[in-house]
Amino acid sequence: LLPTLQVFDNPSLQTLCAPNLEDGGSVCIGNNQNQPFLDADLSELVTGNVFDTPFCSDSNAPTVCGPDGGLGLFSSPIGRCPSNACNLPVDDDDSK
């Protein structure tokens, strides 16, 4: 089986932290209509191919972070990465 990375039609998903993913296989990240709040860190995603469908061909979820100024599937302007997707608060409440 070929690897796939698909995120679409799940507007509740707000963060996707995958800074070590290099080969996405067949990739589909939804657009800004079906993933309006997605903050994704795909800063090492350099190989694979983007699905050619209406909801992922332009892969323009508003805050997908790709390799800074690179040639990856989701290249970002210099300084945009890393995204906030991997900056999750640490729960250090030991009382549970």
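Mentor: Let us start with Val7, which has Ile29 in β3 as the residue opposite. Please keep in mind that this is a predicted model, in which local features need pLDDT of at least 70 and side-chain atom pairs count only at pLDDT 80 or more, while totals for chains, interfaces and linings use all residues. Residues are numbered from 1 along each chain as its sequence is written, and side-chain values use heavy atoms, with hydrogens and water left out.

Trainee: Which other strand is joined to β3, and by how many bridges?

Mentor: Strand β3, residues 23–29, is joined to β5 by three bridges, and the two run parallel; here Ser26 has Asn49 in β5 opposite. The three strands therefore make an open sheet with parallel pairing in the order β1-β3-β5.

Trainee: Why are β1 and β5 called edge strands?

Mentor: Each of them, β1 at 4–7 and β5 at 47–50, pairs on one side only. From one strand to the next the twist averages 25 degrees, where axes are lines fitted to C-alpha atoms (for helices over the stretch in contact) and angles run from 0 to 180 degrees between N-to-C directions.

Trainee: What is the order of the strands in the sheet that holds β4?

Mentor: That open sheet, also of three strands with parallel pairing, has the order β2-β4-β6. Its edges are β2 and β6, which have a single partner strand each, so one side of each is left without a neighbour in the sheet. Averaged over neighbouring strands and ignoring direction, the turn is 5 degrees. Three bridges join β2 to β4, and Cys17 stands opposite Asp41 in β4.

Trainee: How do you know that Cys17 and Cys86 form a disulfide?

Mentor: A disulfide is a pair of cysteine sulfur atoms within 2.5 Å. The sulfur atoms of Cys17 and Cys86 are 2.0 Å apart, so the pair qualifies, and by this rule the count comes to one disulfide. Cys17 belongs to strand β2 (residues 15–17) and Cys86 to the segment after β6 (63–65), so the bond ties together parts that are 69 residues apart in sequence.

Trainee: Why is the disulfide of Cys17 and Cys86 called right-handed?

Mentor: The torsion about its S-S bond is about 110 degrees, so the disulfide of Cys17 and Cys86 is right-handed.

Trainee: Why is Cys28 called buried, and why is Cys17 called partly exposed?

Mentor: Buried means under 20% relative accessible area, exposed means over 50%, and partly exposed lies in between, with a 1.4 Å probe and protein chains only. Cys28 has 1% and is therefore buried, whereas Cys17 with 42% is partly exposed, and so is Cys86 with 28%.

Trainee: Is Asp39 buried or exposed, and what value decides it?

Mentor: Asp39, which lies in strand β4 (residues 39–41), has 15% relative accessible area and therefore counts as buried. Leaving out residues up to four places away in sequence, Asp39 touches several others, among them Leu16, Thr63 and Ser83, where contact means heavy atoms within 4.5 Å.

Trainee: What makes a group of residues a nonpolar core?

Mentor: Such a core is a set of buried Ala, Val, Leu, Ile, Met, Phe, Trp, Tyr and Cys residues joined through side-chain atoms within 4.5 Å. The largest one has 12 residues, including Leu5, Val7, Val27, Ile29 and Phe74, and the elements giving two or more residues to this core are β1 and β3. Six of the seven residues of β3 are buried, which leaves this strand mostly covered.

Definitions and conventions: Helix = DSSP H or I, 4+ residues; strand = E, 2+ residues; numbered from the N terminus.
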